[in-house]
Amino acid sequence: MEIIKSSLKMIGKGFLYGTGFALGVWFLFTFVLSNIRYPNSPISAESESIIEANSSKVKSSKIEILSSKSISRPYLIDIIGTLKNTGDLSTNGVNLKVDLFDEDKNFIFQCETWLSDEIAPEKSVNFKVGCHGINEDIYKNFSSYKLKASR
C-alpha cells in the first residue's frame with residue numbers, strides 16, 4: 001500500500017512539473033510571437049520595384065483603398081472594404097491598421113490585421129479588420145475611424 005501511495009505522489013509531482021513547464025513554454029512562445037515587429041513602409045510609396053534589363057522602366061506595386069465602412073455590434077467593431085493594386089507588380093503581406101476615435105476625435109483604440117493574399121496588378125481584394133476585445137466605453141464612444149495600409 002505504501003508503494004502505491006509513494007508512486008501516486010511521484011506521478012502527481014511529475015504531472016505538476018510537466019504542466020508548469022508546458023505553460024511556461026507556451027507563454028514564452030506566445031509572448032515572442034506577439035512582439036515580433038515587421039518593417040512597415042507606406043503603401044502610397046513604391047512598395048516593391050524591379051528595373052527591367054535594357055530599360056529605364058520601373059515596375060512597382062501600389063495599393064489603394066477603394067472603399068471601407070464600419071459595422072458595429074455590441075463589443076465588436078469590424079472595418080470592411082476593398083483594396084486594389086494599381087501598380088504593375090504583384091504584392092502581398094499588406095498590413096491594415098485602424099485607429100478608432102470618439103466624437104471629439106480623441107484616439108480610443110487600435111486594431112490591426114495582415115493580408116497574406118497576393119494581389120495581382122489591377123486586381124482588387126476584400127478585407128476585414130476585426131476590433132475584438134473592446135470594452136463598453138470604447139464601444140459606446142466609437143464615432144469614427146482612420147484606416148492605414150502599409151507593407
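How many disulfides does a search of the whole structure find? In this predicted model, the search turns up one. The bond runs between C111 and C131, with the two sulfurs sitting 1.8 Å apart. That falls inside the 2.5 Å cut-off used to call a disulfide. As for handedness, the angle about the S-S bond comes out at 120 degrees, which goes with a right-handed link. Both cysteines, C111 and C131, are buried.

Strand β7 also turns up in a sheet. Three strands make up this open sheet, lined up as β3-β4-β7 with antiparallel pairing. β3 (63-73) and β7 each have just a single partner strand, so they stand at the edges and one side of each is left without a neighbour in the sheet. Going from one strand to the next, the twist averages 20 degrees.

What about the pairing of β3 with β4, and over how many bridges does it run? Strand β4 spans residues 76-85, and its antiparallel pairing with β3 runs over 10 bridges. To pick out one spot, S72 lies opposite I77 of β4.

Technical notes. Residues numbered from 1 in each chain as written. Predicted model: local features only at pLDDT ≥ 70, side-chain atom pairs only at ≥ 80, totals over all residues. Heavy atoms only, no water. Buried < 20%, exposed > 50% of the residue type's maximum accessible area, 1.4 Å probe, protein only. Pairing = 2+ DSSP bridges. Helix = DSSP H or I, 4+ residues; strand = E, 2+ residues; numbered from the N terminus. Axes fitted to C-alpha atoms, helices over the stretch in contact; angles between N-to-C directions.
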